[in-house]
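Please look over the structure below before reading on. The report covers helix packing, the sheet and the aromatic contacts.

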Amino acid sequence: MSVAFTKEESAETASETLLPDRPISPHPNLVTEAGLQALQTQLQQAREAYEAAQAIEDVNEKRRQSAVPLRDARYLTERLRTAQLIPDPTSTETVAFGSTVTFSRTDGRVQTYRIVGEDEADPKAGTISFVAPVARSLMGKAVGDVVGTGAQEIEILSIA
């Protein structure tokens with residue numbers, strides 16, 4: 001049956017089912033092994049959620065419940081297609097993608113982050129994207145190097 005012949009509860013219901021695509025970053029899609037596995041798991045979960053929504057009989061509710069998983073599946077499929085798996089760094093001499101860096105800030109705070117891909121970055125969990133300003137300033141630097149300017153200087157304490 002054509003969508004034109006189905007009854008909509010409201011204009012709001014129709015607009016809820018037309019979600020815009022998640023934006024795709026213009027940066028290379030670098031991923032760690034864990035990041036690649038996370039993308040695969042998230043895609044599988046999105047597909048399962050979409051399949052579960054297809055079992056709903058009410059056409060409006062089916063569309064509502066399908067919208068997010070369908071959008072996420074499109075995004076994750078594209079991210080997996082463009083993923084560039086970067087092996088863990090073999091050296092701890094300089095900061096690289098996949099390195100865990102501990103640094104001190106001018107205000108005395110000491111922070112530790114692992115530099116990872118955009119989709120796996122979660123600062124609260126101790127990971128930051130390789131395109132984040134602090135990560136970009138740390139890349140290629142060694143223990144003891146100070147990066148930044150003025151009040152925003154940070155010193156690299158260790159690289160793992």
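## Helix packing

A helix axis here is a line fitted to C-alpha atoms over the stretch in contact, and angles between axes run from 0 to 180 degrees between N-to-C directions. The model is predicted.

Two helices meet in this way: α2, spanning residues 33–54, and α3, spanning residues 59–82. Their axes come within 8 Å. The crossing angle is roughly 155 degrees. Angles over 145 degrees count as roughly antiparallel, so α2 is roughly antiparallel to α3. The crossing of α2 past α3 is left-handed.

## The sheet

An open sheet is built from 5 strands. Their order is β5-β4-β3-β7-β6. The pairing is mixed. The edges are β5 (127–129) and β6 (146–147), and each of these strands pairs on one side only.

Start with β3 and β4. They pair in the antiparallel sense, over 5 bridges. In this pairing T100 stands opposite R114 of β4. The two strands form a hairpin with 4 residues between them. In that hairpin, G108 takes a positive phi near 95 degrees.

Now move to β4 and β5. Strand β4 covers residues 110–116 and runs parallel to β5, with 3 bridges joining the two. R114 stands opposite T127 in β5. I115 stands opposite I128 in β5.

## Aromatic contacts

How many aromatic pairs does the structure hold? There are 2 aromatic pairs. One of them is formed by F97 and F130. Their ring centres are 5.7 Å apart, and the ring planes stand at 75 degrees. Planes over 60 degrees apart count as edge-to-face, so this pair is edge-to-face.

The F97–F130 pair links distant parts of the chain, 33 residues apart. F97 sits in the loop between β2 (84–85) and β3 (100–105). F130 sits in the loop between β5 and α4 (133–138). Are these two residues buried or exposed? Both F97 and F130 are buried.

## A charge over a ring

Another contact involves an arginine and a tyrosine. R22 lies over the face of Y75. The distance from the ring centre is 3.9 Å.

Conventions
Residues numbered from 1 in each chain as written. Predicted model: local features only at pLDDT ≥ 70, side-chain atom pairs only at ≥ 80, totals over all residues. Heavy atoms only, no water. Pairing = 2+ DSSP bridges. Phe/Tyr/Trp six-rings, centres within 6.5 Å; stacked < 30°, edge-to-face > 60°. Buried < 20%, exposed > 50% of the residue type's maximum accessible area, 1.4 Å probe, protein only. Lys NZ or Arg CZ within 6 Å of the ring centre and 35° of its normal. Parallel < 35°, antiparallel > 145°, perpendicular 65-115°, else oblique. Left-handed = near helix turned anticlockwise from the far one by under 90°.
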